[in-house]
Amino acid sequence: MTAAAQRGWGARPDEAVDALGAIEWPAERLGDALDALALEGGLGPRAVAAPIPTAGDLRSADALGAWIDQAAAYLGVEAEPIAARHDELDAALLRVAPALVWLRDGEAPRFLAIAGRAGRSGRDVSVLRADRSTARVPVEAITRRISRPLEAQVLPEIDRVLARAGVRPRRRSRARQALLRERLGAAIVDGIWSLRLPPGAPFRRQLAAARVPRRLLGLLAAHVSAYTLWILVWMTVGRSILDDHLDEGWLLAGALLLATVVPLRQLMAWLSGVVAIDASALIKQRLLSGALALEPEEVRSEGAGRFLGRVIESEAIEALAMGGGIASVASAFELAAAAVVLAQGAAGALHALLLVAWAALVVALCARFYRRRARWTAARLAMTHDLIERMVGHRTRLAQERHGRWHHGEDEALSQYALGSRELDRSQIEIGALMPRGWLIAGIAGLLPPFLAGSGSAATYAVALGGVLLASRALQGLSAGLSSLASAAIAWEQVSTLFQAAARGAAPPPPLPPDAGRSPSGAPGVAAGAESAGDVEVRPPVLEAHELSFRHKGRARPAVVDVSLRIAAGDRILLEGPSGGGKSTLSALLSGLRAPDAGLLLLNGLDRHMLGAAAWRRRVAAAPQFHENYVLAGTFAYNLLMGRRWPPRPGDLAEAEEICRELGLGELLGRMPGGLEQVVGETGWQLSHGERSRLYIARALLQGAEVVVLDESFAALDPETLEQALRCVLRRARTLVVIAHP
């Protein structure tokens, strides 16, 4: 290590930047760096040999990003690409650890492995060396090193400006840095990948990685400590009062105990907030991943209204489950403590048994609340589903349904919902108000036998009354906690399908070269390994299907039976057939949207299981039928490039506009005030049927896939526009499959 590194990375920024060379990872050990980062970050990677990138994986940023994504998945973690503004790069590096950083300022790619923060200053990070030891590095040094390629583009101009301005040499360095910050502040810096567990990983591992269990234990420990101290305050102050002698020592002890409770309460509030935020983020991430993992038939059979109901329930489950669980556990401890206090009072063990019986009654009422809440939730979700379906089909109903049937069944549904709401409100009043307050009456009544018998002292009666008050507070928490848990359990029944769907899929395969099966130049129709037999070029297949079969769920007749085909690189295939003949189903199988029930489907010699669903869809881009494709609420550019990358690079926008003009959308771009930045969708600029179709075609072409599958994409175009769009598709697509009616 350099002298600057031995001095703790030195005082001069340039020395610290130069010292980074001793802790960089070479490209051939990139897989080892990912594995070491995952271990250091507590992500528990798979015990497999670390993958090694090839030269093709390092030829471009896109190829490297694809390889890192697959390599991380193979190790059992997820690599999230991070892009940050140049002036926010320091803060980004401090919060994304464990992270991999790509250094692009040398001839060969080099990488830094940031394990986390280091030191008390908050401005240093811990970086893994190639021998898996750690070094403490200022984050500014890493930022300067990442910024070198950007700075090299503007430094000559800045130096010329400083020279013309006559800035003195000793002030020139500070002026240069100020101008660099001004010029590069808004520049986007990428080449950073943050490692985390994938959303489909076991939820227990996700909670452990987020340190939720540890903080929960800390929260419960703080609650037990605060509650115990609170009881001790009562004991110390109460003893002085009951002895009819206010001892200053006991009063001072009570005041100190009470002062100790305050920071514990603040710690409880902070821990509960952190646990709620972290657990909520994990649940939302997993539910979103599960929604994206659902099969098309599952989505289609549910309907928009039921999915909206699940979204509503997902909002409730986080707060209800976390708040209810913590409150229930804390209240159970408080009840146990109150029972001990009651047992020391005038009524003795019988008083404690009365509390146990009352708590059992609360649990029974909560069980009835659960049943009523379940019926109420079912009625509410059914009404939500019916309302959404009516809104979606409003135009159809206006045109084709008789006016007298527009509100058929609504009164009955509202009546059932109102009845369920009254029952639910009654149960909430019983467990939330009557039971805690009723206990005050029952608890004081439990003191009547010893009072009438004339047994017990004033101290034991005071202890018993204190126990009654403690139990009343505990019962309030227990009632609220159990009702929240009951509501969360009902919400879980709605969202459990999404939660469990996130874990679908087998272990991903080792990373493969992104150019497997392609020619080095990537030119359509020329594949690696192509041979010639005389004047006939023999091209290896890109897609192969052998006796594919598929049957939709709930249907007796299969949609696809024993289909075999071979698609070579550069082929242009037209697939025709009658409606209902299975063309769209075959399109979904080829593009990886569905998995076949039987048969073998290969892409570049690998099946879907070996290649992985995500990698398959990167190589085969599809434009589904019109009713299964959507214009999302966003800019026209976002709808074009959502399958490629977002945010886009300048070259992406230029290519998107070029393809749009080739497809005949130039007039549309001229009409829209914002051009590519015009907001479209339901709340934006309305596109015609033909404009939507060409948008879907452009979206598929812009993904740069090996194979493009277009399902009925030209049906809405007039002959002239069809010819123009077809020329664009034939020129742009490497290998093309078009599905159409005869």
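In this predicted model, Arg-85 and Asp-87 are joined through their side chains by a salt bridge, with an N to O distance of 2.8 Å. The structure holds 31 salt bridges. The points below take up several of these contacts and then turn to the helices.

**The Arg-85 and Asp-87 pair**
- Arg-85 has a relative accessible area of 32% and is therefore partly exposed.
- Asp-87 also falls in the partly exposed class, because its relative accessibility is 45%, between the limits of 20% and 50%.

**A salt bridge between two strands**
- The side chains of Arg-196 and Glu-80 form a salt bridge at 3.2 Å, N to O.
- This pair links distant parts of the chain, since Arg-196 belongs to strand 7 (residues 188-196) and Glu-80 to strand 2 (residues 78-85), 116 residues apart.
- Arg-196 is partly exposed, at 28% relative accessibility.
- Glu-80 is likewise partly exposed, its relative accessible area being 30%.

**A salt bridge between two helices**
- Glu-430 and Arg-368 make a salt bridge in which the closest N and O atoms are 2.6 Å apart.
- Because Glu-430 is in helix 15 (residues 410-445) and Arg-368 is in helix 13 (residues 349-392), the contact ties together parts that lie 62 residues apart in sequence.
- Is Glu-430 buried or exposed? Its relative accessible area is 16%, so Glu-430 counts as buried, the limit being under 20%.
- Arg-368, by contrast, is partly exposed, with a relative accessibility of 28%.

**A network of salt bridges**
- Shared partners connect salt bridges into one network made up of Asp-62, Arg-644, Arg-645, Asp-652, Glu-655, Glu-658, Glu-662, Arg-731 and Arg-732.

**Helix 17**
- Helix 17 covers residues 458-501 and contains 44 residues.
- From its first C-alpha to its last, helix 17 reaches 62 Å, which is close to the 64 Å expected at 1.5 Å a residue.
- Where is the kink in helix 17 centred? The kink is centred on Val-495 and amounts to about 55 degrees.

**Packing of helix 6 and helix 7**
- Helix 6 (residues 139-165) packs with helix 7 (residues 169-184), the two axes being 9 Å apart and at an angle of about 115 degrees.
- Helix 6 and helix 7 are therefore roughly perpendicular to each other, a class that takes in angles of 65 to 115 degrees.
- The crossing of helix 6 past helix 7 is right-handed.

Notes:
Residues numbered from 1 in each chain as written. Predicted model: local features only at pLDDT ≥ 70, side-chain atom pairs only at ≥ 80, totals over all residues. Heavy atoms only, no water. Salt bridge = Lys/Arg side-chain N within 4 Å of Asp/Glu carboxyl O. Helix = DSSP H or I, 4+ residues; strand = E, 2+ residues; numbered from the N terminus. Buried < 20%, exposed > 50% of the residue type's maximum accessible area, 1.4 Å probe, protein only. Expected span 1.5 Å × (residues − 1). Bend = angle between axes of the 7 residues up to and from the residue. Axes fitted to C-alpha atoms, helices over the stretch in contact; angles between N-to-C directions. Parallel < 35°, antiparallel > 145°, perpendicular 65-115°, else oblique. Left-handed = near helix turned anticlockwise from the far one by under 90°.
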